[in-house]
Amino acid sequence: MTYLAIAELARGGFGVVETVRASNGSLAARKRFDPLPPVGSDAAQRDLARKRFVREARTQSAIEHQNIMPIIDAGLDDDEPWYIMPLATESYRAQVERDRTAKAITLEPLLDILAGLEELHRLGYVHRDLRGCYGLMAAWTTFVSMMDAKARKCRPRNVSGERS
């Protein structure tokens, strides 16, 4: 399938997230590896960042849970790797702002995010940088996104605290 970029949604240190139109006419979100300086201008740092990007996408695509953002297509072996996710309707941060304005609290999205985190923890992963922008809401659920290589597999520690 091919994808046509329509609009940039967000840009981070390792890449850009765009709204794309698939060749079948559907809309989705594409995260494309496109690091900013200094990472993007240093070959060694760029290579390490690319490996992290690919590892993140492979990890996320292997997890099947209703509250973990699915990866539905990818070009991880391309020179500039990318992956496709469902297009979220808004971030959890936007929901919090709306709740603040309405002087209300909507618990369902937060409970969905916690369910996704619980699954990550059950699998031995820890999301190292959880903020409102990593909770992405779709019409049917709220997803935890592992974007920006913030999830890391934990190695068990022994009783003395050393890694085994």
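**Sheet, helix and cores in a predicted model**

Good morning. Strand 2 (residues 15-22) and strand 3 (residues 27-33) run antiparallel to each other and pair over 7 bridges. Here two strands count as paired if DSSP finds at least two bridges between them, and helices (H or I, at least four residues) and strands (E, at least two) are DSSP runs numbered from the N terminus. Within this pair, Glu 18 stands opposite Arg 30 of strand 3.

This is a predicted model, in which local features need pLDDT of at least 70, side-chain atom pairs count only at pLDDT 80 or more, and totals for chains, interfaces and linings use all residues. Residues are numbered from 1 along each chain as its sequence is written, and side-chain values use heavy atoms, without hydrogens and water.

The two strands belong to an open sheet of 5 strands, with antiparallel pairing and the order 1-2-3-5-4. Strand 1 (3-11) and strand 4 (73-75) are the edge strands, each pairing on one side only.

Helix 1 (residues 43-62) packs on the sheet, touching strand 3 and strand 5 (82-85); contact means heavy atoms within 4.5 Å.

I turn now to the interior. A nonpolar core is a set of buried Ala, Val, Leu, Ile, Met, Phe, Trp, Tyr and Cys residues joined through side-chain atoms within 4.5 Å, where buried means under 20% relative accessible area (1.4 Å probe, protein chains only). In the largest core, of 14 residues, Ala 49, Ala 57, Ile 71, Tyr 83 and Met 85 touch the most other members. Helix 1 gives the most to this core, with 4 residues. A second, separate core of 7 residues includes Ile 63, Ile 68, Leu 117 and Leu 120.

Technical notes: Axes fitted to C-alpha atoms, helices over the stretch in contact; angles between N-to-C directions. Buried < 20%, exposed > 50% of the residue type's maximum accessible area, 1.4 Å probe, protein only.
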